[in-house]
Amino acid sequence: MIKENQKKETKLLEHRFIELSRIAFEREIVTYSDFLNLNDQNILHTLPKDKLYSRYVLFGGYDMAERQMAAFIPEALSLRYGVSDITPKEIDYPFCAVKIEPKNKRFSEDLTHRDFLGSILNLGIDRSKTGDILVTEDSALLFINKDLVSVVTEDLTRVRHTVIDSSVINLDRINYTPDFQQIKGTVSSVRLDSLLPLAFSSSRSKLSGLIEGAKVFVNGKLITSNGYQVKEGDLISVRGLGKFRFEEAGKITKKNRISVTIQKYV
C-alpha cells in the first residue's frame, strides 16, 4: 500500500512538472513549482527531457540549499539570456527570506531547527511553501513563499516560550556559507560506498544500506548503486546524516589506496 501511494504521488508530481513546463512554453512566462525536497528534485531530474516543453532552473535562496524551487523557463527568455548563461539571479523567484530572532536575547532559549519548523507549521503553513531554515546561535533565516510572508511576520510571536521578532531580508543581501569540517583519509576507490564511511565515521556495511534504502543523493539525484563513481565537486546528501562535498582525489599510497579530501558540512 505504501509503495502504491508513493507511485501515485510520483505520477502526480510528474504531471505537475509537465503542466508547469507546458504553461511556460505556451504562454511565454516563467512558471514555478513549490519548494522541492531531495526526492521531489530527483523526480524532476529523472523525468525524460522529451516530456518537458521548456528547461528549468533550481534555486533555494543560497548556494547549496537543500530545498529548492524550480523555475520553468520559456524559450523566449532562454534566447534572451542565452541558454547556457541564464542563472537564478536573473529569475524573480516568488519567495523571500524572513529573519526570526528573539526580542530579548538575554531571555532566549536555545532554539533548534525543529523548534522553528514546528512553530511555522503550527500557523497552518504547508511545508511545500517553505524552503530551508538556517539556524544560527541567536536567530533563524526562513525561506518562504511571498504570499505567506505576512502570516509569519504578523502571526508568529513565539518559538517555544521565546518571544520573537521577524523581518523580511532581501535575497540579494544573503551571503550564507555553511560551516564545514575538512576530512582527509584514504579509500580503496572513489565509489560512493567507500566515501560514506570516511564522512560519517561508520562501517561500510552499515552505510551501504542507506544507498540501497534510497536515502543518498548526489547533486540532487537519487543514487541506489553502491558502486557509483563520485566525481570531484559532487555534493552528497544523506537523509538523516547530513551532507559533504567530495573535494579531490590525491596520490596513491604504498598500500594502493587513494588519498582523498572531503568537506563535511556541520
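Biologist: How many helices and strands does the chain have?

Modeller: This is a predicted model, so local features need pLDDT of at least 70 and side-chain atom pairs count only at pLDDT 80 or more, while totals for chains, interfaces and linings use all residues. Residues are numbered from 1 along each chain as its sequence is written, and side-chain values use heavy atoms, with hydrogens and water left out. Helices (H or I, at least four residues) and strands (E, at least two) are DSSP runs, numbered from the N terminus. The chain has 7 helices and 14 strands.

Biologist: What share of the residues in the chain is buried?

Modeller: Buried means under 20% relative accessible area, exposed over 50%, and partly exposed in between (1.4 Å probe, protein chains only). The chain has 266 residues. Buried residues make up 45%.

Biologist: Of the contacts with a separation of 6 or more, what share comes from residues 24 or more positions apart?

Modeller: Contact means heavy atoms within 4.5 Å. Residues 24 or more positions apart account for 61%.

Biologist: How much space lies in the largest pocket?

Modeller: The search runs on a 1 Å grid over the protein atoms alone; a pocket is an open set of points where a 1.4 Å probe fits, with protein on both sides within 12 Å along at least five of seven lines, and lining residues have an atom within 4 Å of a point. Grid points are joined across faces, edges and corners, and a volume is the space filled by probe spheres set on the points. For the largest pocket, that space is about 870 Å³.

Biologist: Which residues lie nearest the centre of the largest pocket?

Modeller: The lining has 25 residues. By class, 12 are nonpolar, 6 polar and 7 charged; Ala, Val, Leu, Ile, Met, Phe, Trp, Tyr, Cys and Pro count as nonpolar, Asp, Glu, Lys and Arg as charged, and the others, Gly among them, as polar. Nearest the centre lie Glu66, His113, Asp132, Ile133 and Lys243.

Biologist: Which element gives the most to that lining?

Modeller: Two or more residues each come from helix 2 (38–45), strand 5 (130–135), strand 12 (235–238) and strand 13 (242–252). The most, 4 residues, come from strand 5.

Biologist: Is Gln68 buried or exposed?

Modeller: Gln68 is in strand 3 (residues 68–73). Leaving aside neighbours within four places in sequence, Gln68 is in contact with residues including Gln41 and Phe59. A polar atom of its side chain lies 3.3 Å from the backbone nitrogen of Phe59. At a relative accessible area of 17%, Gln68 is buried.

Biologist: Which class does the ring pair of Tyr62 and Tyr176 fall into?

Modeller: Rings of Phe, Tyr and Trp (its six-membered ring) pair if their centres lie within 6.5 Å; planes under 30 degrees apart count as stacked, over 60 as edge-to-face and the rest as tilted. A search of the whole structure finds 13 aromatic pairs. Tyr56 and Phe72 have ring centres 6.1 Å apart and planes at 55°, so that pair is tilted. For Tyr62 and Tyr176 the centres are 5.2 Å apart and the planes at 90°, so the pair is edge-to-face.

Biologist: How many residues apart in sequence are the parts that the Tyr62 and Tyr176 pair ties together?

Modeller: Tyr62 counts as buried at 9% relative accessibility, whereas Tyr176 is partly exposed at 32%. Tyr62 lies in the loop between strand 2 and strand 3, and Tyr176 in the loop between strand 8 (162–169) and strand 9 (180–187), so the parts tied together are 114 residues apart.

Biologist: Which side chain makes a polar contact with the side chain of Asp193?

Modeller: Asp193 lies in helix 6 (residues 192–200) and is buried, with a relative accessible area of 6%. A polar contact is a pair of N or O atoms within 3.5 Å; within protein, one must be able to donate a hydrogen and the other to accept it, and residues adjacent in sequence count only if both atoms are side-chain atoms. At 3.2 Å, the partner is Arg204.
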